[in-house]
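User: I am new to reading protein models and would like to learn how to look at salt bridges and at packed helices. Could you take me through them step by step?

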Amino acid sequence: MKKRMTLLLAPQELTLYGKGFNLARPMPLALGVLQGALRHAGHCVSAYDLSTALQHEPNPDAWNALYDVNGVLESLKHGGEGPLCQRLDTLLDATDVAACDAAGISLGANNSIFEIHAGMLLAARIIARYGKRVAMGGANADHLLSYDWMYRPLLEAVLGLGVTLLVGPGDESLPMFLEGEPVETLPGAVRLVDGHPVRNPVSPPSFVCPDFDGLALEPYRTFLRRMNTAQEEETEAEKQLFDVSMPKAQGISARIAMLPPEQLRETLVLPFYFNSGCVFHCAFCVQSREDWSKYCSMSPQAAVRDLKALTERYQTPYIRFFNNAFNLSMRFTREFCAEAKRENLSIRFSDCGRFNGLIQEDAFQMYGAGCRKLIFGLDTASDTVLKTIDKQLDRAQVRNGLRFCREAGIKADLEMIVGLPSEGWREFEESYAFVRSLVEDGLVSQIYVNRYFVLPMSRFGSHPERYGIALRYQPDAYRAKARREQEIFSAFLHPETAAAMPMRIDPIRYYEPGGRSADQITQDTLEKYRRMRELTAKV
């Protein structure tokens, strides 16, 4: 029987920071995929990105209440009543949730207390006001379960409301939830068993074609300059969208939007994905976990078919892929490029990339299929650390892959991680020197530097003893994280009062028994972070 569902994407705090964070925001792939899955199953669905409703918030400081852990837990016990109740109700009043059979809430994907608490309070209000069934998911749902020891009071509170918490792909489980599948057999559903959260096995993604119809698309517009010719416009657009990082591209769009109307044009950058999981199992990465679905992918023919339909429907050639890596399977990559040429698919795209197996001919084929930027996770260039994390990569592959991209015309960005287990100063200097040489040779377009933190479900987190490390858990990590994120929130809202941007809280830190303490590793990592980031100014 056809049913009706309202999908809500929990608001992000970024929306409250000002115009530069609002314009050209990425379109929400999750809403598109879930809408597509529900409509494919024969149901009616509407979707709302609630961040857009915060763009004109007159008092952003009011949302500080989301960082009050005790206040939020108490509010969840009373149907969302509390300091944000009126604002939450205003958000819901602008949706059709009152007319739905059930609601679905995505908690977002940024490990953000703001998003998580906002989504859960919205669920409490929907249940209290309308008596509707509610399912919640998103990458933040997996974050909650991965750190269940930390978020146990929150998990108990939200499950006690009767909310169905779903982890993993929702394109199969959400239609099943809407149709009344019991939680015991619902893929990815979380239940409390003897007081402990337990997740049902997840289902692999169906790769249904995203459907953004009905979603207000204006907030995702990207503004481009008008030029004298179509060729000049295409060249300028590619430079704006792919030569710089996403935040910088957003800033450029925001500045262009201020030009007279006759000097600008607008477009959409569509999100899409065709693979999930990874054939590699780097020890620091969540993909190394032992309880997740294996690598899977669409067929190249189906991917090209859906991309052609999307670009024609929304009148844009620009795609931002959210794959594990575009060329994770070289067989898929070659068949995709051939199919795209055969079907005259005209797109321009960016994605993550992998050095393994990349040859010069493939780079040229990918450029011909529309690839303009690849972001490679090098992570480290130390032989010792590469072996520790089981990266299955050597420096010759890296240099050759970057050279192939440059020759083909593909911008190549690098992601680096500092502070990984087994990275002493000698290993860091080896990594730093190699990356500096890549920059000096003009092989890198952007560098993104990350400080390592322990993921509980990774191999480092699950079996630290295998790697000569031990773990230290932050006391009362839930409240400590909320307090620190509130400090960051306030620093963004009131930069004139912030001496420096506060650093994040790591719920888990590692130390070396008989070696460096957790504090020493943290201190070393901050210095390595500063050093590696110096290279970002040289590209």
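Predicted model: local features only at pLDDT ≥ 70, side-chain atom pairs only at ≥ 80, totals over all residues.

User: How many salt bridges does a search of the whole structure find?

Analyst: A salt bridge is counted where a side-chain nitrogen of Lys or Arg lies within 4 Å of a carboxyl oxygen of Asp or Glu. Searching the whole structure in this way finds 41 salt bridges.

User: Which residue forms a salt bridge with Glu233, and is Glu233 buried or exposed?

Analyst: The partner of Glu233 is Arg265, and their closest N and O atoms are 3.5 Å apart. This pair links distant parts of the chain, since Glu233 belongs to helix α9 (residues 230-242) and Arg265 to strand β9 (residues 264-267), 32 residues apart. Glu233 is buried because its relative accessible area is 14%, and Arg265 is likewise buried, with a value of 18%, the cut-off for this class being under 20%.

User: Where in the chain are Arg509 and Asp519, whose side chains meet in a salt bridge?

Analyst: The side chains of Arg509 and Asp519 meet with an N to O distance of 2.9 Å. Arg509 sits in strand β19 (residues 508-511) and Asp519 in helix α19 (residues 518-534), 10 residues apart, and this pair too links distant parts of the chain. Arg509 counts as partly exposed at 25% relative accessibility, whereas Asp519, at 51%, is exposed.

User: What separates Arg530 and Glu534 in helix α19?

Analyst: Arg530 and Glu534 are four residues apart in helix α19, so about one helical turn separates them. Their side chains meet in a salt bridge of 2.7 Å, N to O. Arg530 is partly exposed, with a relative accessible area of 40%, and Glu534 is also partly exposed, at 34%.

User: Now for the helices: at roughly what angle do the axes of α11 and α12 cross?

Analyst: Two packed helices are described by the angle between their axes and the distance between those axes. Here the axes of helix α11 (residues 300-314) and helix α12 (residues 330-342) come within 9 Å and cross at roughly 45°, and the two helices are therefore oblique to each other. The crossing of α11 past α12 is right-handed.

User: Which residues make the contact?

Analyst: On α11 they are Pro300, Gln301, Ala303, Val304 and Leu307, and on α12 they are Phe332, Glu335, Phe336, Glu339 and Ala340. Sorted by class, this contact has seven nonpolar, one polar and two charged residues.

Note on methods: Residues numbered from 1 in each chain as written. Heavy atoms only, no water. Buried < 20%, exposed > 50% of the residue type's maximum accessible area, 1.4 Å probe, protein only. Axes fitted to C-alpha atoms, helices over the stretch in contact; angles between N-to-C directions. Parallel < 35°, antiparallel > 145°, perpendicular 65-115°, else oblique. Left-handed = near helix turned anticlockwise from the far one by under 90°. Contact = heavy atoms within 4.5 Å. Nonpolar A, V, L, I, M, F, W, Y, C, P; charged D, E, K, R; others polar.
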